[in-house]
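Biologist: I have this one open on the screen. Can you walk me through it, a piece at a time?

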Amino acid sequence: MEAVGPQPLLDICLTEVCRRLESLCSKRDDGSMRLKSPIMFPQELSDQLLHKMSTTGILNDVTVGVFRNCEELRLCRVSIPYCPVSAEAFHLALCPHRLQELDASWLPGDITGADIVSGLTSNSECRSGLQRLTLTGLRLDWEPLELNAGKRVGFSSLEGLKTLNLAYTDLSDADLEDICALHHLESLDISCTAVSNLAALTECQNTLRSLKVHGLRRLHMSPARLLSVLGQLRALRHLDFSEDHFAVDGSNGKDGDETVRQLLEGSPRVLPQLISLDISGRKRVTEAALKVFLESRGGLIFLGLLATGVSSSDVLSTRKDLKVAGEANEKQVCEALRRYRDRECFIREALLQLYNLTTDTDKPQEGILKLVLGAMQSHPSSLRVHLVATACIFNLTTQNMAEAMPVSLLSATVGRLLYAMKTFPSHQEVQKNCLLALCSDYILQDVPFDKYLAATLVINWLSSHENPTLQRMAVAVISILVAKLTVEQTAQLSQDAFVMKQLLAIVQQKAMMGVVDSTLNFALTALWNLTDEIPAAAHNFIKCQGLELYEEVLETYHSEPSIQQKVLGLLNNIAEVEELQEDLLEKELLEHVLTLLQNSRLEVGVRYFAGGILAQLASRADTCSLDEELRATIVKQLHSSIMTWTQLEREMVSYRSFRPFCPLLRTCQAPGVQLWAVWAIHLLCSQNISLYGRMLEKDGVTELLKVLATHSDTHGDVKGLSENILQMVTRHRSQTTTRQ
């Protein structure tokens with residue numbers, strides 16, 4: 001298994017600069033930031049800093065101000081998609097730079113494409129030097145703008161443009177005419193715009209090499225006229241004339257499909273330089289037309305055939321060098337996922353096919369998983385994409401396949417699953433898919449991710465679903481996650497009694513039926529872990545009538561040691577909270593627990609936890625209203641019972657700390673109370689001295705044991721175990737020093 005690779009030093013540094021940006025900057029009068037100590041950054045590093053600010057979500061009107069100083073922070077290639085930057089901030093901070101490339105896709109707020117072009121043309125070096133411009137998803141809105149005594153601002157003002165992406169904008173026929181006046185234009189994407197006539201493209205017939213006209217719903221040209229225009233684009237090498245096959249509105253579907261048919265069956269003298277053709281989503285492609293086209297286009301290197309019905313054509317098997325985006329096999333589907341990352345209609349289709357192809361797979365597919373994550377990231381609000389993508393993730397990480405994946409990739413995968421759960425909380429299938437994928441011991445135990453967020457999301461899901469299979473998985477996930485949380489996170493999770501109520505409801509449901517299953521075991525484990533050294537959780541347990549329920553569970557499952565241990569383990573946690581000890585002094589409960597301690601036929605684990613409850617209660621004679629006679633009986637029975645316990649080889653319990661033991665180890669405590677504590681510590685240290693040896697030192701238990709071992713009043717049994725523990729610690733420390 002590949003481990004997480006080291007993060008590049010440059011990336012670490014840029015991340016740290018972003019994290020500390022506010023402390024590194026002062027504020028101008030308008031509130032924007034500037035660096036306190038301007039440093040001359042290499043141009044490429046300035047680009048990377050801006051990109052890091054953009055991808056980490058901190059780029060806005062305030063922070064972009066650091067780039068107003070274009071002497072120290074010189075920008076060349078700017079990428080700010082989705083960043084909340086206003087027109088004014090854009091003009092002040094970015095337009096003064098000698099930009100060669102700009103991606104300002106999907107900017108929120110009121111900023112328009114016209115604002116951006118206006119700002120760029122105000123800088124003579126941008127007018128001549130900008131080569132690549134992407135304004136996907138923006139409203140262009142030219143109306144308010146005029147420049148230089150009434151001369152209209154337009155794309156043609158950016159004379160150096162070679163690549164222009166205006167997909168999903170309100171581009172008009174007039175705008176297209178303006179664009180085609182660019183003398184160096186090589187690549188144009190006007191997909192999903194309002195353009196109705198492509199005749200203007202003939203103005204750049206000698207330069208245009210790549211044209212994307214996917215999903216032009218308002219295109220109003222006959223097949224003959226459209227082919228005539230395309231036929232004049234002598235330099236064109238890449239043509240995307242695909243269509244969203246879900247959006248059938250009868251507007252241009254038939255004419256577009258007929259155009260494709262005529263292009264496939266027509267002369268190779270039309271578009272003679274063509275090496276890439278995308279016709280995915282077109283409905284009238286025949287195998288015969290495809291065969292004619294391929295036989296006459298020996299130089300073709302890519303063909304988009306997704307959702308055409310012909311991607312499994314035999315003629316494709318004869319072209320081993322041809323890349324095909326389709327659904328016939330895994331290779332075609334992966335090509336589709338790579339090519340169509342920004343197109344929801346095709347991504348969903350490709351994911352559906354991928355799900356079918358991976359249903360029975362047992363081979364780790366790292367590359368394919370990355371493609372699925374990329375699709376989810378590109379369409380964060382698409383339910384259709386996430387529904388299928390989460391199902392694919394389950395297929396790709398189930399069984400032992402996850403263990404063969406890089407840990408960093410699995411971390412990213414869980415991150416996307418949690419995002420899906422958070423974004424689509426009411427969609428049962430998405431939640432189910434995410435839960436199925438998360439329910440993996442390896443992922444939950446060994447992969448780093450936000451376990452607190454995962455626990456809260458799964459608990460919220462659990463509150464509204466009662467499917468037994470999914471309930472079992474959800475409770476299993478929760479039980480593991482709770483054990484992985486820090487004390488602070490567990491305390492935060494436990495503040496809401498809702499969490500306790502959900503888990504107790506499951507315990508009650510199972511107890512009423514008297515069944516013993518994994519769901520009950522997982523729920524009891526989760527509750528046990530939730531209350532471990534978390535007083536707030538212990539209080540909520542009492543408030544939610546958990547104690548009454550657990551008394552019933554002890555009676556119902558009197559012959560089930562695994563259930564009894566978990567119940568008694570939680571009651572141990574309650575007994576450690578001084579102000580809750582009175583709640584445990586109910587006569588029948590105490591007598592039952594004392595009976596469990598004394599019963600030599602029971603497993604040591606059950607008797608151990610019963611003893612822990614009694615030791616805690618007996619240790620607080622000054623604050624706990626325990627009957628003195630009963631207290632004396634408890635102390636006596638603790639001592640006599642513990643001396644009959646055999647040492648366990650398997651791990652019975654783990655502890656966050658030894659702090660709950662400290663009050664039991666005082667010299668003023670009764671020998672039975674002390675004996676339970678030192679027996680427990682001896683057991684833990686004998687099983688994992690490396691972990692618990694450090695814990696002894698950290699929590700001050702070593703000093704308490706030294707006092708017990710030397711105090712004249714310490715009972716011999718307690719003294720002997722204390723000395724054994726100290727010897728184990730000394731021996732381990734000596735061995736560790738020798739190895740070093």
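Modeller: Keep in mind that this is a predicted model. I would begin with helix 16, whose buried residues pack against helix 14 (383-397), helix 15 (407-423), helix 17 (441-446), helix 18 (451-462) and helix 19 (468-484).

Biologist: Which are the buried residues of helix 16?

Modeller: Helix 16 covers residues 428-438, and its buried residues are Val430, Gln431, Asn433, Cys434, Leu435, Ala437 and Leu438.

Biologist: How is the protein divided into domains?

Modeller: There are two assigned ranges: domain 1 is 162-326 and domain 2 is 329-449. Their C-alpha centres are 31 Å apart. In the contact, domain 1 takes part with 23 residues and domain 2 with 15 residues.

Biologist: On to the cores. How many residues has the largest nonpolar core?

Modeller: The largest nonpolar core has 163 residues. Leu351, Tyr550, Leu568, Leu571, Tyr608 and Trp676 have the most contacts inside it.

Biologist: And which helix gives the most to this core?

Modeller: Helix 29, residues 671-687, which contributes eleven residues. The core also draws at least three residues from domain 1 (162-326) and at least three from domain 2 (329-449).

Biologist: What is Leu351 in contact with?

Modeller: Setting aside neighbours within four places in sequence, Leu351 is in contact with Leu337, Val372, Ala375, Val385, Val388, Ala389 and Cys392.

Biologist: Take one pair. How many bridges are there between strand 7 and strand 8?

Modeller: Three bridges, in the parallel sense, between strand 7 (residues 187-189) and strand 8 (residues 210-212). Within that pair, Ser187 stands opposite Ser210 of strand 8.

Biologist: What about the loop between strand 7 and strand 8?

Modeller: Cys192 is found in that loop. Cys192 has a positive phi of about 55°, although it is not a glycine. Its relative accessibility is 23%, so Cys192 counts as partly exposed.

Biologist: Where is Tyr82, and what is its phi?

Modeller: Tyr82 is in the loop between strand 3 and helix 4 (87-93). Its phi is positive, about 65°, and it is not a glycine.

Biologist: Is Tyr82 buried or exposed?

Modeller: Tyr82 counts as exposed, because its relative accessibility is 55% and the cut-off for exposed is over 50%.

Biologist: Last topic, Ser494. Which helix is it in?

Modeller: Ser494 is in helix 20, residues 487-494. With a relative accessible area of 3%, Ser494 is buried.

How values were computed. Residues are numbered from 1 along each chain as its sequence is written. This is a predicted model: local features need pLDDT of at least 70, side-chain atom pairs count only at pLDDT 80 or more; totals for chains, interfaces and linings use all residues. Side-chain values use heavy atoms; hydrogens and water are left out. A nonpolar core is a set of buried Ala, Val, Leu, Ile, Met, Phe, Trp, Tyr and Cys residues joined through side-chain atoms within 4.5 Å. Buried means under 20% relative accessible area, exposed over 50%, partly exposed in between (1.4 Å probe, protein chains only). Helices (H or I, at least four residues) and strands (E, at least two) are DSSP runs, numbered from the N terminus. Domain bounds come from an automatic or database domain assignment. Contact means heavy atoms within 4.5 Å. Two strands pair if DSSP finds at least two bridges between them.
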